[in-house]
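Q: I would like to go through this protein step by step. Could we begin with one residue and then widen the view?

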Amino acid sequence: MTVISTEFKATPYWWEAAPPIDGTRDAPERTYDAVVIGSGVTGLSTALTLAEGGRQVLLLDAEKIGSGSSSRNNGSVVPFGFVHQELLEKRHGPELGAAVANVAVDAFNYLMAIPARYEFDAMLKPYERFFLACTPGHYRHQAADAALQAERGIGLNWQPMDRVEVERRTGVKSYHGALHVENSMALHPGLYVNGLVQAAIRAGVEMVGGCRVLEIKRGLGGQTVRTERGEIRARNVVMATNAYSDSGVAFLQRRIVPARLYLSATEPVSPDLMRKYFPDRQLADSKRSMSWIRPSPDGTRLLVGGRGGMMGNDPELHAAKLYGDMVRMVPELEGLKLTHCWYGKVGFAMDFNPHIGEVDGIHYAAAYAGVGLCFGTYLGSRLGNRILGKPAAECHTALDSLKFHRIPGPSFLNQIYSRLGVEWYNLRDWWDMRGH
């Protein structure tokens, strides 16, 4: 039996309602106050903040505006970025570890206000979220992290649930417990990105898609950005390319390991199945190569995603892999066909933390490790405020003190590191789950 629908598309389901745009002009002018490179939520938030502060802003992208991971992800808006608080504190100590974790809470709260502030509908709504524990050891770590976060006063309010309660609450069996995230939200990422694009345009941001940056050169009084369509002078430059960074933004390219994250959309699901398993509920497992399922914002179909074991370029093969993950999580979903499969790139730093800063007069924020909707929106606004010279309270984050280490070796090895990392995670998952 094939799991692929006859109407299958290798493009994001989200683009059905909100396709990316080419830009607002065919070519840039020669001089701007600020040039922002990258049109995901980080770049859009930065550009919007700067334009509202009275700056003349150009937003560049090598592809269409908003066509990267910001409009390709699963749309989860969760106040977390650091699932393992114990590990975070081992790296940074209790005080800084707690402060860094609370940045995720600040980022969540900041995003929550954006659609109303700019008067667009991103289908933002509350969902319960369950991180299902695949092994007893995973559940012990989940419970320990939740207790530590509560002890540190981190505003997440995650609640461990044993396997009996998980089955009672979700109907899902074969797991050893879960972390329950009550204050979880989700949105339509295509509509969210489109809303930011339109808000930035109204604020006066100029946008040019299909314009790759080749080099950034620092000079007296500003920067020169060399692109495929000529040189641009700017007082300030922002790198917001994250996992899509190439040699034109070499600083980020040398510090980010990119990885593909795949998603599929199912055909419409029966109302009975949706009511039973996904009544405003999202499920994710505790593997390092995580899998997850969420309902579409209109509640008619499911989106299933995964990180690991996903090599090659055949979207139908990836869809089949995601189908297997979906059915293992909820066996009653067997028989559903998949109508879409696509991927976006996520970026990881060596310490798995997001980073924000400035190097040689060029600002950046990146390395969100797969949770970039909140972090990108929030840190983009912080970058904009820094350039505008706003007070420290509107610019500072606990991430400022984290060193952004360069990946060892030449940048072409980053793809190899990514592949090795996926295989290592898969091996560790296999080891953890043997016998379970």
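**A conversation about the fold**

A: Let us start with Gln282, whose place is in strand β13 (residues 281–285). Strands (E, at least two residues) and helices (H or I, at least four) are DSSP runs, numbered from the N terminus. The model is predicted, so local features need pLDDT of at least 70 and side-chain atom pairs count only at pLDDT 80 or more, while totals for chains, interfaces and linings use all residues. Residues are numbered from 1 along each chain as its sequence is written, and side-chain values use heavy atoms, with hydrogens and water left out.

Q: Is Gln282 buried or exposed?

A: Gln282 counts as buried, because its relative accessibility is 1%. Buried means under 20% relative accessible area, exposed means over 50%, and partly exposed lies in between (1.4 Å probe, protein chains only).

Q: Which residues does Gln282 touch?

A: Not counting residues up to four places away in sequence, Gln282 touches several residues, including Ser76, Tyr127, Glu128, Arg129 and Phe130. Contact means heavy atoms within 4.5 Å. Ser184, Met185 and Ala186 are also among the residues that Gln282 touches.

Q: And how far is Gln282 from Asn414?

A: Their C-alpha atoms are separated by 32 Å, and the two residues are 132 residues apart along the chain.

Q: Now the whole protein. How many helices and strands are there?

A: The protein has 12 helices and 18 strands. Its C-alpha trace spans about 65 × 50 × 45 Å along the principal axes.

Q: How much of the protein is buried?

A: Buried residues make up 57% of the 436 residues. Of the contacts with a separation of 6 or more, 74% are between residues 24 or more positions apart.

Q: Which residues have the most contacts inside the largest nonpolar core?

A: They are Val36, Tyr192, Val205 and Met207, in a core of 76 residues. A nonpolar core is a set of buried Ala, Val, Leu, Ile, Met, Phe, Trp, Tyr and Cys residues joined through side-chain atoms within 4.5 Å. Helix α3 gives the most to this core, with 9 residues. Apart from it lies another core, of 32 residues, among them Met161, Leu283, Met329 and Leu336.

Q: What is Tyr192 in contact with?

A: Leaving aside neighbours within four places in sequence, the contacts of Tyr192 include Val41, Leu111, Ile114, Phe120, Leu373 and Thr377.

Q: Back to α3. At what angle do α3 and α11 cross?

A: The axes of α3 (residues 94–112) and α11 (residues 372–388) cross at roughly 85° and come within 8 Å. The two helices are therefore roughly perpendicular to each other. Axes are lines fitted to C-alpha atoms, for helices over the stretch in contact, and angles run from 0 to 180 degrees between N-to-C directions. Angles under 35 degrees count as roughly parallel, over 145 as roughly antiparallel, 65 to 115 as roughly perpendicular and the rest as oblique.

Q: Which residues meet there?

A: Val103, Ala104 and Phe108 are among those in α3, and Leu373, Phe375 and Tyr378 are among those in α11. The residues of the contact of α3 with α11 divide into 10 nonpolar, 2 polar and 1 charged. Here Ala, Val, Leu, Ile, Met, Phe, Trp, Tyr, Cys and Pro count as nonpolar, Asp, Glu, Lys and Arg as charged, and the others, Gly among them, as polar.

Q: Changing topic to loops: where is Pro297?

A: Pro297 lies in the loop between β14 (291–295) and β15 (302–306). Pro297 counts as buried, because its relative accessibility is 9%. The residues that Pro297 touches include Trp14, Met123 and His188. Pro297 and His188 are 109 residues apart in sequence and 6.5 Å apart in space, C-alpha to C-alpha.

Q: You mentioned Met123. What is its phi?

A: Phi of Met123 is near 55°, a positive value in a residue other than glycine. Met123 is in the loop between α4 (114–117) and β5 (125–132), and Met123 counts as partly exposed, at 29% relative accessibility.
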